[in-house]
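Student: I am new to this structure and would like a close look at one part of it. Please take me through the place where two chains meet.

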Amino acid sequence: MRRQRRKKICLAICFLVLTMGIFVLLQNLLMPKYMGAIKEGALVREYYDSPGNHDVIFLGDCEVYESFSPVTLWEEYGIHSYIRGGPSQTIWQSYYLLEDTFAKEIPEVVVFNVLSMQHGETVSEAYNRMNLDGMRWSAAKISAIRQSMTEEETFLSYLFPLLRFHDRWRELEPEDYKYWMKRENVSYNGYLMQTGVKPVTVVPEKTPLTQETFSDICYEYLDKIRRLCEENKVELVLMKAPSLYPYWHEEWEEQIEEYAEKFGLDYYNFLELKEETGIDYQMDTYDAGLHLNVSGAEKLSRYFGKILKERYTLSEHQDQKLNQYYKELKQRYEEEKRK
Amino acid sequence: MLLYYIVPKRIQWIPLFLLQILLLSRLDRFSWIAIGVTVFATYLFSRVGKGNKPVLIVYLVCQIGMMLGFKIFTETMPFGLSYYGLMAVGYSMEVYRGNTNPDKNPLRMALELTLFPLLIQGPIRNMSGCRAGQLQTPKYFSWHRTEQAVARILWGCMKKMVIADRIAPAVEVMIRDPQIYTGGYVLLGMLFYAVQLYADFTGGIDIALGIANYLGLNLEENFQVPFTSKNLGEYWRRWHISLGEWMKEYIFYPVSVSWPVTKIASRIRKKNRGLGRRIPVYTASILTWFATGLWHGSEAHFIFWGMANCFIILISRELKPAYDRFHRRFPTLTGEGKTAVYYGYFQAVRTFLLVCLLRMTDCYRDVGLTFRMFFSIFTDFGKGISLAPLGLAVSDYLLIGTGILFMYLVGRVKKKKKPEQWFLEQSVGVRYLILAGLFFSILVFGIYGIGYEQRQFIYNQV
């Protein structure tokens, strides 16, 4: 009797493990891989593969992950950096990503792109998934999910993404099978390379100012980012990336300048540093002024890298492993650039 | 649910009661009032109602009056009232008749009457004899019963989430715009709605009966392969059995043997034997089907639907001698040969189409429109149909087709034995494959999550 019961329990455990295994396999298959068309979704996950303690961490939306090249920063100034950016990343997502980062390492400088101050609400469910699914499970991730979820979303679907992406069986592509078990890195320390050139032909009209002052929640999280940096003795730098649109209003600029002044933070608005950075909107953008291409990103990295190196105390790296890492990264980087 | 088997048997019902409160806590005010009034009145009646006709009449007037009041004067019924209301009436009738021993514990009786899985869409429990008071006896955990319960719950979820909810938008497209979707679309809509309703209703009942099975409660089946019925009467003995049984037990039989009916019948029988013999059956049938229609909804099309069923069943009854003569003339049709099998298929298809036709009133919710749409099948059939506007992809049709095939196979098993018994007869590996297959097909192919509309069970709306 006892033996039979034990047999049943063993069998139940075996079946449970098998079911879990199938579940994981199915989940891996059906989850978007972000290896082909929408690579932005892969950025957050790739951070955990980056070795060593980074000197500089960038936070923000597409204006960050397409505006700086960590490979150039390393080559030119020996700065070991990582871009923890994501598409339409909201400021609370930036904050929780920073908490997540600080659990792994404490950098010397954190650079935050202020464009996300315009979003007092989650931008869309799809962007939530791209910014949050790649995060490793931690208290920070749970808080990020809770703060970001739209009404239609459930926490359970983050815990088991299969519940969200179950319907992708209709649209499975060869990429899904290729990267079923293991994905490749598509970014260069969080930098998403764009090699195309689409010159600016018409400067877009100023978009109407829908809200003059930033939402309270944005200030709340900006304060949180600032305090977290202070507590960890990390220099916080604010920046606005060079981009012709979405339009950066004067009213917003004043508020950021006022905030930076109030708390003694450095603030760089690259929109006003066109001459200094050398950005040429005829050849340094791949989408007519919305984002920079690799040429623009390298120019901006050279300019900002110098500031970072001269103005802030950054570590000197003699690590052979890191050198090797960047050598391999550079090789892949150049290959993609040539494409 | 786990606590149910862990706590001492004496208080086994308490975790269930707490779960019930938790699940019902989000109900609206009216639903709570209806539950409270029903439970309170039924408990009071159970204490004093045995053999007490005046109290029974007062109770029935109040309980049925409340149900009718909500049915007629409000747009939506309080949650589950259509089900536990009938159960309460049935229970009280059994108490009055002395067929059941009422539970002295009011909370446990409340739980038994309003058990959560049965509130969604039944089945309507038969509360006579030992069928009531099942929570009073201790229940012991059974591995096999749990396996059967899980299989049945998953099977029910699969029918609801993979088949019914997948086909539902296509049905809605065809019903929403009757000006455009005429002719062949009406026929297609009839067939699609039949699949949707069957998968939805039987799926919900499978979930309820699966949960009940896990809890060790013995409830009757609500369906017995209804689409193999050879006539409408048989269909109603196989479809929504619990409602049919309730109507038969508490309306048909009491009316047919009631004093005024028998008196009128005997009076007429003296002048016209045949008519007099028919009076009790006809009166009881008409009242039963009127009540059945009203139970589904107070709108005219439900009443029409009920009376149309009644009309066809009574006509079939009248034509029975002619049928018998026909079958005697062609004995191969009812024998055991191939001809009989094909004739059986013909009868089943005929009944299926008849049922679909009657259900069109439920789709169009307007008797006149239903007739117009029906005639358009013949007048506009030549217009042809395109599946594109229905919004289903080829993969959806494949999934629905596979689902129908599995429902047919389970139906075949059910004809011979209980599917739960068949399930237990399989080897451990096969049982696991069935459970895992169901689980993952729900998970992957189920209609849920972002981009999909969550749909209530159809019969939860009565």
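How many residues does the contact take from chain A and how many from chain B?

Tutor: This is a predicted model, and what follows was computed from it. The contact takes 20 residues from chain A and 17 residues from chain B. Between them, chain A and chain B bury about 1,700 Å², and 72% of this area is on carbon and sulfur atoms. On the chain A side, the residues that lose the most area to chain B are His166(A), Trp169(A) and Arg170(A); together they account for 32% of what that side buries.

Arg170(A) also takes part in a salt bridge: its side chain meets that of Asp396(B), with N to O at 2.6 Å. The rule finds one salt bridge across the interface of chain A and chain B. It also finds seven residue pairs in polar contact across this interface, with both residues at pLDDT 80 or more. As for the elements on the chain A side, helix H1 (2-30) and helix H9 (162-165) of chain A are those that give two or more residues to the side touching chain B. H1(A) supplies the largest share of that side, ten residues. By class, the residues of chain A that touch chain B divide into eleven nonpolar, two polar and seven charged.

Salt bridges also occur inside a chain. Over all chains, the count by this rule comes to 42 salt bridges. One of them joins Asp284(A) and Lys299(A), whose closest N and O atoms are 2.6 Å apart. Asp284(A) lies in the loop between helix H13 (274-277) and helix H14 (294-311) of chain A, and Lys299(A) lies in helix H14 of chain A, so the pair ties together parts that are 15 residues apart in sequence.

Helix H8 (residues 143-176) of chain B and helix H19 (residues 428-445) of chain B have axes that come within 9 Å and cross at roughly 30°. The crossing of H8(B) and H19(B) is left-handed. Among the residues making this contact are Val150(B), Leu154(B), Trp155(B) and Met158(B) of H8(B), and Leu435(B), Leu438(B) and Phe439(B) of H19(B). The contact of H8(B) with H19(B) has 13 nonpolar residues, one polar residue and three charged residues.

Two backbone details of chain B remain. The peptide bond from Gly122(B) to Pro123(B) is cis, with omega near 0°. Pro123(B) is found in the loop between helix H7 (116-121) and H8 of chain B. His240(B), although not a glycine, has a positive phi of about 45°. His240(B) sits in the loop between helix H10 (232-238) and helix H11 (241-256) of chain B.

Terms used
Residues numbered from 1 in each chain as written. Chains lettered and ligands numbered in written order. Predicted model: local features only at pLDDT ≥ 70, side-chain atom pairs only at ≥ 80, totals over all residues. Heavy atoms only, no water. Axes fitted to C-alpha atoms, helices over the stretch in contact; angles between N-to-C directions. Helix = DSSP H or I, 4+ residues; strand = E, 2+ residues; numbered from the N terminus. Left-handed = near helix turned anticlockwise from the far one by under 90°. Contact = heavy atoms within 4.5 Å. Nonpolar A, V, L, I, M, F, W, Y, C, P; charged D, E, K, R; others polar. Buried area = accessible area lost by both parts, 1.4 Å probe. Salt bridge = Lys/Arg side-chain N within 4 Å of Asp/Glu carboxyl O. Polar contact = N/O pair within 3.5 Å; in protein donor to acceptor, adjacent residues only side chain to side chain.
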